[in-house]
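Please look over the sequence and the model before reading on.

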Amino acid sequence: MIRRLSPLLSLWLALAALPGCSLFGGNWDGKQSTLDNERQTAARTSNVLDRSPEGLYAAGIEALQARRYQAAVDLFDQVERDHPLSAWATNAKIMSAYGEYMRNRYTEAIGALDRFIQLHPAHRDIAYAYYLRALCYYEQIAEADRDQRTTEQAMAALQDVVNRFPDSAYARDARLKLDLGRDHLAGKEMNIGRFYQRQKLYGAAIGRFRKVVEDYQTTNHVPEALHRLTEIYLTLGLVDEAKKTAAVLGHNFPGSPWYQDSYALLVDGGRPAPGDRPGFARRAWNWIF
């Protein structure tokens, strides 16, 4: 799981109206028993809770401060139910989504944010809503050897933030996360390409490695993809293609161990680079024997 970066700016705008409020503090342990205790405590104190929109909203912020996220979501939802026409209800929508996000309930958070975006496209915190929605996808990115549908959704949502709010702090952070998303997608293509290569399905493998070279040029998977193409071209007897590909690898990544590996394949007396890389042990064994 990728470590969460605290959402930027707008949450603090929401908290600024309430003196002394902060997201940090409290000792919520993430256990169901703790949430049950919260509900029991809320029930015992319901008769003294200020049920005005301001009071409910303030109680929700205090619950966030104590990391009692379920209680916070319940209170923000109550603002919407009991006072739907108040200005507090609009803010409560996005704060409820934030509470769900902090509970790792991404589906619920995304649903709430989608509704907020649809209903309040001109809200002052609309950029934050788009950004928080992108974070919900981003934090579900799986390892590169698993299905990457969520990665693609995250990249689309992050790109939406960049396109809509290019000069915002959210866009700057989204650009950084887009780079990681591209790296994950390239990693998936490499995993599939290696599998095809092991199975001697060279045409399919070439397609995957070319995709990495052409579509994910800024990732660190490109040197290996070029080397794999060199290997396959040599296996197929396409020596000129192998030399051209190795030349591209050497020109763009002259210090890469993948270039040294390719050089060893093409030049008599060349030796592979030392180190542990995918498939290195098998190639070294074949080189020795």
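The notes below begin with the chain as a whole and then turn to one helix and one loop.

The model is a predicted one. The protein chain holds 14 helices and 0 strands, and 46% of its 289 residues count as buried.

**The chain as a whole**

- Followed along the sequence, the protein chain reads α-α-α-α-α-α-α-α-α-α-α-α-α-α.
- Among contacts in the protein chain with a separation of 6 or more, 55% are between residues 24 or more positions apart.
- The protein chain has an accessible surface of about 15400 Å², and carbon and sulfur atoms account for 52% of that surface.

**Helix H8**

- Helix H8 comprises the 16 residues 149–164. At 1.5 Å a residue it should span 22 Å, and its end C-alpha atoms are 23 Å apart, which agrees.
- The buried residues of H8 are Thr-150, Thr-151, Ala-154, Met-155, Ala-157, Leu-158, Val-161 and Val-162.
- An α-helix has 3.6 residues a turn, so residues three or four places apart point the same way.
- The cover over the buried residues of H8 includes helix H7 (126–138) and helix H9 (169–198).
- Exposed residues Arg-149 and Asn-163 are carried on the face of H8 turned away from its buried side.

**The loop between H10 and H11: Gln-217**

- Gln-217 is found in the loop that joins helix H10 (202–215) to helix H11 (222–235).
- Gln-217 counts as exposed because its relative accessible area is 56%, above the cut-off of 50%.
- The side chain of Gln-217 reaches the backbone oxygen of Glu-214 at 3.3 Å.
- Apart from neighbours within four places in sequence, Gln-217 is in contact with Val-212 and Val-222.
- Gln-217 and Arg-182 are 35 residues apart along the chain, while their C-alpha atoms are separated by 9.4 Å.

**The loop between H10 and H11: His-221**

- His-221 is also located in the loop between H10 and H11.
- His-221 counts as buried because its relative accessibility is 16%, under the cut-off of 20%.
- A polar atom of the His-221 side chain lies 3.3 Å from the backbone oxygen of Asp-183.
- Not counting residues up to four places away in sequence, His-221 touches Asp-183, Ala-186, Gly-187, Met-190 and Val-212.

Terms used. Residues are numbered from 1 along each chain as its sequence is written. This is a predicted model: local features need pLDDT of at least 70, side-chain atom pairs count only at pLDDT 80 or more; totals for chains, interfaces and linings use all residues. Side-chain values use heavy atoms; hydrogens and water are left out. Helices (H or I, at least four residues) and strands (E, at least two) are DSSP runs, numbered from the N terminus. The expected span of a helix is 1.5 Å times one less than its number of residues. Buried means under 20% relative accessible area, exposed over 50%, partly exposed in between (1.4 Å probe, protein chains only). Contact means heavy atoms within 4.5 Å. A polar contact is a pair of N or O atoms within 3.5 Å; within protein, one must be able to donate a hydrogen and the other to accept it, and residues adjacent in sequence count only if both atoms are side-chain atoms. Accessible areas come from the Shrake-Rupley method with a 1.4 Å probe; for residues, only the protein chains shown count as cover.
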